[in-house]
Amino acid sequence: SVVSDQLSPYAVGYIAAIVVFSAAVVALPYSRLGAFLNTQAPIVAFGSLCILLFALINLLFSPAQLGTWPLIIALAFVFGVGRSTWEGSFKATFADYFPNDTKAAFANVQLQMGIATALGFILDIVTSPTVVGLCVILCSFIAFFAQLLAQYLHHHRSSPPNTVNTQDETPMHENEITVRSHEKDSEKDIKCQTSASPDTASELRTFSPSSA
């Protein structure tokens with residue numbers, strides 16, 4: 001209503017296009033930053049701060065103060081940056097946290113979106129815009145810390161437990177097996193040489209203790 005009342009009804013389409021454009025512009029940098037950090041949690045937390053800032057500015061300024069092109073464009077860009085995290089990075093966290101059950105994870109995302117949308121429409125009808133803005137600020141504040149907590153729990157649970165290093169014992173075991181195999185091969189060679197050489201066998205009988 002601020003855009004249509006303070007600017008023009010035709011400006012609604014332009015502002016909506018700016019929101020979509022800003023979301024698309026930051027999508028690729030978000031993706032590369034998440035790959036560099038090996039996590040999407042800080043990006044999602046930043047997106048929640050953008051939504052918090054958007055709601056806070058709407059609470060602090062009157063519609064007449066907000067009804068200027070520079071401020072409206074800036075707000076549209078901030079909202080688009082925050083929305084981009086929902087469309088990309090936020091959903092990517094579910095794929096990272098639940099790699100073995102992605103179908104149930106994304107079904108959970110759709111359930112959350114449906115509940116949040118329904119609550120938003122209900123609050124918009126039964127309460128004032130100030131209450132709606134405060135609810136958005138509260139949810140964004142919780143989402144910021146919830147993402148960091150989720151990343152911490154995921155890292156803690158996915159890290160392998162401490163195990164005793166047995167690398168030093170393995171080479172000793174292999175060496176023992178090698179020595180024993182060499183000893184057996186040597187015994188076989190002696191037996192073969194003894195049975196194959198009659199002169200050697202006679203010499204052994206000659207110098208045996210019984211003959212002495």
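Predicted model: local features only at pLDDT ≥ 70, side-chain atom pairs only at ≥ 80, totals over all residues.
Biologist: How many helices and strands does the chain have?

Modeller: The elements run α-α-α-α-α-α-α-α-α from the N terminus. The count is nine helices and zero strands.

Biologist: Are H3 and H5 roughly parallel or roughly antiparallel?

Modeller: H3 covers residues 41–60 and H5 covers residues 69–97. Their axes come within 8 Å and cross at roughly 150°. Angles over 145 degrees count as roughly antiparallel. H3 and H5 are therefore roughly antiparallel.

Biologist: By class, which residues make up the contact of H3 with H5?

Modeller: The H3 side includes Ile 43, Phe 46 and Phe 54. The H5 side includes Leu 75, Arg 83 and Phe 90. By class, the contact has 15 nonpolar, six polar and one charged residues.

Biologist: Does Gln 40 count as buried or exposed?

Modeller: Gln 40 lies in the loop between H2 (11–37) and H3. Its relative accessibility is 12%. The cut-off for buried is under 20%, so Gln 40 counts as buried.

Biologist: Which side chain makes a polar contact of 3.3 Å with that of Gln 40?

Modeller: Beyond four places in sequence, Gln 40 is in contact with residues including Tyr 30, Ala 92 and Asp 96. The polar contact of 3.3 Å joins its side chain to that of Ser 89.

Definitions and conventions: Residues numbered from 1 in each chain as written. Heavy atoms only, no water. Axes fitted to C-alpha atoms, helices over the stretch in contact; angles between N-to-C directions. Helix = DSSP H or I, 4+ residues; strand = E, 2+ residues; numbered from the N terminus. Parallel < 35°, antiparallel > 145°, perpendicular 65-115°, else oblique. Contact = heavy atoms within 4.5 Å. Nonpolar A, V, L, I, M, F, W, Y, C, P; charged D, E, K, R; others polar. Buried < 20%, exposed > 50% of the residue type's maximum accessible area, 1.4 Å probe, protein only. Polar contact = N/O pair within 3.5 Å; in protein donor to acceptor, adjacent residues only side chain to side chain.
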